[in-house]
Each structure stands twice: as structure tokens, then as C-alpha cells.
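Here are my notes on the fold, as numbered points. Please read them beside the model.

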Amino acid sequence: MIAAFSVTPLGIGEDVGEAVAAAVRVVRASGLPNRTDAMFTSIEGEWDEVMPVIKAAIEAVKVHSNRVSTVIKIDDRAGVTDGLTAKVASVERHLAADGPSGR
């Protein structure tokens with residue numbers, strides 16, 4: 001499965017980078033395939049591997065704030081591995097087939 005999630009501390013102002021970095025550190029330390037972008041961190045693995053990492057990431061943010069907002073989107077598809085890379089590669093192949101003009 002791939003889980004894309006965002007953990008946002010509430011009540012600490014606009015600069016949440018330090019708190020978010022704490023969550024990303026937890027994900028990266030897990031050893032599971034992951035990717036972070038401007039809005040979400042995605043992590044790939046089995047349900048029982050991924051969910052404890054997300055919980056630990058939330059707990060890491062709670063060190064910075066008593067209240068956090070968490071959004072989780074899950075793509076749970078049996079038999080798929082390396083989905084983080086394969087999904088993006090598929091889109092890139094289609095874009096490349098369109099040629100330089102994008103059509």
C-alpha cells in the first residue's frame with residue numbers, strides 16, 4: 001500500500017517547518033520507501049508497517065504542538081510493489097509519448 005499523509009501542528013504560527021521535519025525524520029528512519037513533497041509525505045509498505053510509522057510521525061509533531069491535524073490517503077492494492085516509482089514512471093512515459101508540445 002501507499003499512504004500519502006500530512007501532519008500539521010496547530011496553534012504554533014505559520015512556520016511549521018521544524019515540526020514537519022520531525023515527522024519526516026521518523027518516516028525516513030523507518031527504512032520504508034518514501035517521498036516528501038510540498039504538501040504530503042508518501043510511504044510504501046504493508047499496512048502493519050506503514051500505520052505505526054504514521055502514528056509515530058504524528059507523535060513527533062505533538063512534541064511541538066498539543067493539537068495536530070492529519071490527512072491520510074491510502075492506495076491499498078494487493079500485489080503491487082515499488083508503486084511510488086512505478087506510478088510516476090507510467091505518467092512520465094505517457095507525457096514523453098505526447099512529444100515536446102505536450103500533445
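1. Terms come first. Two strands pair if DSSP finds at least two bridges between them. Helices (H or I, at least four residues) and strands (E, at least two) are DSSP runs, numbered from the N terminus.

2. This is a predicted model: local features need pLDDT of at least 70, side-chain atom pairs count only at pLDDT 80 or more, and totals for chains, interfaces and linings use all residues. Residues are numbered from 1 along each chain as its sequence is written, and side-chain values use heavy atoms, with hydrogens and water left out.

3. The sheet is open. Its four strands follow the order E2-E3-E1-E4, with antiparallel pairing. E2 and E4 (67-75) are the edge strands, each pairing on one side only. On average, neighbouring strands are turned by 20° against each other, direction ignored. Angles run from 0 to 180 degrees between N-to-C directions; axes are lines fitted to C-alpha atoms, for helices over the stretch in contact.

4. Helix H1 (residues 17-29) packs on this sheet. H1 touches E1, E2 and E3 (contact: heavy atoms within 4.5 Å). Its direction makes about 165° with that of E2.

5. Now the pairings. E1 and E4 share nine antiparallel bridges; Ala4 stands opposite Lys73 in E4. Four bridges join E1 (residues 2-10) to E3, also antiparallel. Here Phe5 faces Thr41 of E3.

6. Thr41 of E3 is also the bridge partner of Thr36. E2 (residues 34-36) and E3 pair over three antiparallel bridges. They form a hairpin with four residues between them.

7. Which way do the E3 residues point? Thr41 and Ile43 go one way, Ser42 and Glu44 the other. All are buried (under 20% relative accessible area, 1.4 Å probe, protein chains only; exposed is over 50%, partly exposed in between).
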